[in-house]
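Hi,

Here is the structure I said I would pass on.

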There are 2 protein chains.
Amino acid sequence: MARKTKEEIATIYQQMQDYICTELEKFDGQGKFKEDRWERSEGGGGRTRIFQNGAIIEKGGVAFSAVHGPTPEKILKKLGLEKANFFATGVSIVLHPKSPMVPIIHMNIRYFEMENGVYWFGGGIDLTPHYIVPEDARYFHHRVKETCDEFDTAYYPKFKAWADEYFYLKHRKETRGVGGIFYDRLTGKDEVEFENILQFSLAIGRLFPEVYGHFMKKNSKIPYGSKEKAWQNLRRGRYVEFNLVWDAGTKFGLDTNGRTESILMSMPPQAEWTYMYQEEPGSEEEFTLRNLKKNVDWLNFGL
Amino acid sequence: MARKTKEEIATIYQQMQDYICTELEKFDGQGKFKEDRWERSEGGGGRTRIFQNGAIIEKGGVAFSAVHGPTPEKILKKLGLEKANFFATGVSIVLHPKSPMVPIIHMNIRYFEMENGVYWFGGGIDLTPHYIVPEDARYFHHRVKETCDEFDTAYYPKFKAWADEYFYLKHRKETRGVGGIFYDRLTGKDEVEFENILQFSLAIGRLFPEVYGHFMKKNSKIPYGSKEKAWQNLRRGRYVEFNLVWDAGTKFGLDTNGRTESILMSMPPQAEWTYMYQEEPGSEEEFTLRNLKKNVDWLNFGL
């Protein structure tokens with residue numbers, strides 16, 4: 001068995017974008033994706049698909065890209081490598097729901113290859129509920145763990161811990177949400193392992209609409225008022241802070257002349273900041289903040 | 001004449017905070033500053049004063065701090081210096097007005113000293129109108145230039161160009177607003193020059209309420225509607241992007257365990273993001289965007 005080529009992987013990831021968009025439109029029932037195709041002057045391009053003003057999803061994007069060209073200096077320097085061309089392809093998603101009772105979600109799968117033979121897979125999926133609901137956090141982590149376990153039982157514990165570290169707002173001493181998994185620089189020693197990692201990324205891709213569809217159905221009918229909406233806007237502010245201050249992908253993209261509107265599709269439709277916001281003791285808001293911590297066993301949270 | 005000590009400078013800057021707050025409360029006529037005193041575990045502390053829900057100022061802060069302790073590794077590395085204690089004091093301001101017709105403003109004056117004898121002054125003032133008004137931009141730059149010229153006629157051209165570079169959103173190819181001045185690492189060769197730079201920073205401090213009071217009076221009565229308010233929220237989004245992605249002071253503060261709520265007092269009360277927002281050709285919004293560029297001669301803009 002020969003290793004799939006980078007072009008084949010790009011095609012498969014593009015199909016994954018199609019699949020996810022079709023599923024999300026079905027679950028939302030009202031909104032439709034709007035597609036922008038773009039080209040990168042140094043090579044390659046992408047299809048950014050944006051969802052605005054759906055019944056459930058207020059703003060979100062499902063982006064596919066496949067870019068190539070000279071490897072950015074920053075990467076070469078970090079890896080201590082000589083000049084070489086690179087190829088990168090992936091699917092990246094962030095969805096901001098209208099209702100504060102439905103969580104924000106992010107998913108990314110990507111493949112990177114250099115002409116000197118270096119290659120790796122990266123990705124992850126993480127959930128950011130405005131309000132932590134123990135049952136939802138458990139469901140999410142169980143489904144992620146089951147998906148990981150199909151490929152390697154070492155994946156979930158390792159990548160769950162990695163997500164805790166990655167999706168962390170150091171300046172707030174808060175995790176972004178209830179986490180999930182994050183992995184990077186995943187390579188295999190032979191064709192079989194390579195294919196296994198690729199299939200793992202595709203399983204994460206397929207898991208995405210399944211779990212988010214679950215939350216769309218289950219939570220979008222829960223009533224809420226202006227108090228919950230205000231809290232949502234503060235949490236969206238934190239999402240902005242994470243993405244602009246700490247997210248390595250966002251920083252790298254903005255720094256290396258990436259397509260700004262595609263990178264910042266992760267921004268919420270709106271966000272608010274209040275100086276020294278004090279949540280009420282014993283409130284749902286306080287419960288959420290108190291549990292935005294690393295090393296929480298979400299599989300058994302609240303049991 | 002002996003050089004003023006760091007403690008004397010801190011006291012003078014603290015008085016400047018008092019002066020500015022008193023002036024702003026007078027101009028607003030409704031809001032009052034709320035003060036938070038805080039201490040830094042490594043040494044020193046500050047007085048953060050926050051203004052929320054004024055008649056004209058919707059959210060803003062005037063912060064004073066005087067901190068000391070071991071110089072952060074990042075600074076030592078950047079300067080190629082051996083371990084030494086530092087002392088830093090300054091006044092930092094960001095004001096977000098309620099009305100989109102009143103500009104956002106920022107001002108900062110600061111003094112930094114290390115026990116190995118290294119010292120410098122830094123600071124700046126820059127204006128971010130939601131809508132560029134040629135008369136306002138000219139007024140602002142004229143008053144800033146006149147203030148600079150009292151000390152050194154080389155200051156305005158040099159520091160104006162520096163502001164163009166500093167207050168720049170590379171990922172948007174936009175300046176944050178109509179700029180102003182920015183300066184850093186300003187040192188003098190003797191006591192006279194030292195005092196001159198200190199007095200320059202105080203003149204900028206006094207200029208601040210004068211120019212902002214002018215805009216508060218002149219622009220806060222201009223009528224506006226939901227279109228202008230929506231545009232304001234998009235521009236506030238850009239302000240967030242600049243501060244979290246590019247502002248060296250913000251990044252440094254968040255990275256070195258600074259007081260988050262004081263650093264992020266610069267965040268607007270709310271902000272919005274719309275994917276690929278298209279301003280109408282020939283509109284005020286389009287005029288503004290088109291002129292958010294470096295190297296604009298604001299002294300003669302629109303004449």
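Start with A:Val240, A:Glu241, A:Leu244 and A:Val245 of α6(A), which meet B:Val240, B:Glu241, B:Leu244 and B:Val245 of α6(B); contact here means that C-beta atoms, placed from the backbone, lie within 7 Å. For the classes, Ala, Val, Leu, Ile, Met, Phe, Trp, Tyr, Cys and Pro count as nonpolar, Asp, Glu, Lys and Arg as charged, and the others, Gly among them, as polar.

Before you go further: this is a predicted model, where local features need pLDDT of at least 70 and side-chain atom pairs count only at pLDDT 80 or more, while totals for chains, interfaces and linings use all residues. Residues are numbered from 1 along each chain as its sequence is written, with chains lettered from A and ligands numbered from 1 in the order in which they are written.

Back to the helix pair. Both are residues 226-246 of their chains, and their axes come within 8 Å and cross at roughly 45° (axes are lines fitted to C-alpha atoms, for helices over the stretch in contact, with angles from 0 to 180 degrees between N-to-C directions). That makes α6(A) and α6(B) oblique to each other, the label for whatever is left after under 35 degrees (roughly parallel), over 145 (roughly antiparallel) and 65 to 115 (roughly perpendicular).

Across the whole contact, each side supplies residues: 23 from chain A and 23 from chain B. On the side of chain A that touches chain B, α6(A) gives the most, with five residues. That side has 14 nonpolar, five polar and four charged residues.

Now α1(B), residues 6-28: its 23 residues reach 33 Å from first C-alpha to last, close to the 33 Å expected at 1.5 Å a residue (1.5 Å times one less than the number of residues). Its buried residues include B:Ile9, B:Tyr13, B:Met16, B:Ile20, B:Leu24 and B:Phe27, and the buried set packs against β2, β3, β4, β5 and α5 of chain B. Just after the helix, B:Gly29 takes a positive phi of about 80°.

Last, B:Asn53 sits in the loop between β2 and β3 of chain B. Is B:Asn53 buried or exposed? Exposed, because B:Asn53 has 12 C-beta neighbours inside 10 Å; the cut-offs within 10 Å are 20 or more other C-beta atoms for buried, 12 or fewer for exposed, and partly exposed in between. B:Asn53 touches B:Gly31 and B:Glu58, leaving out residues up to four places away in sequence.

Helices (H or I, at least four residues) and strands (E, at least two) are DSSP runs, numbered from the N terminus.

Cheers

Terms used:
Contact = placed C-beta atoms within 7 Å.
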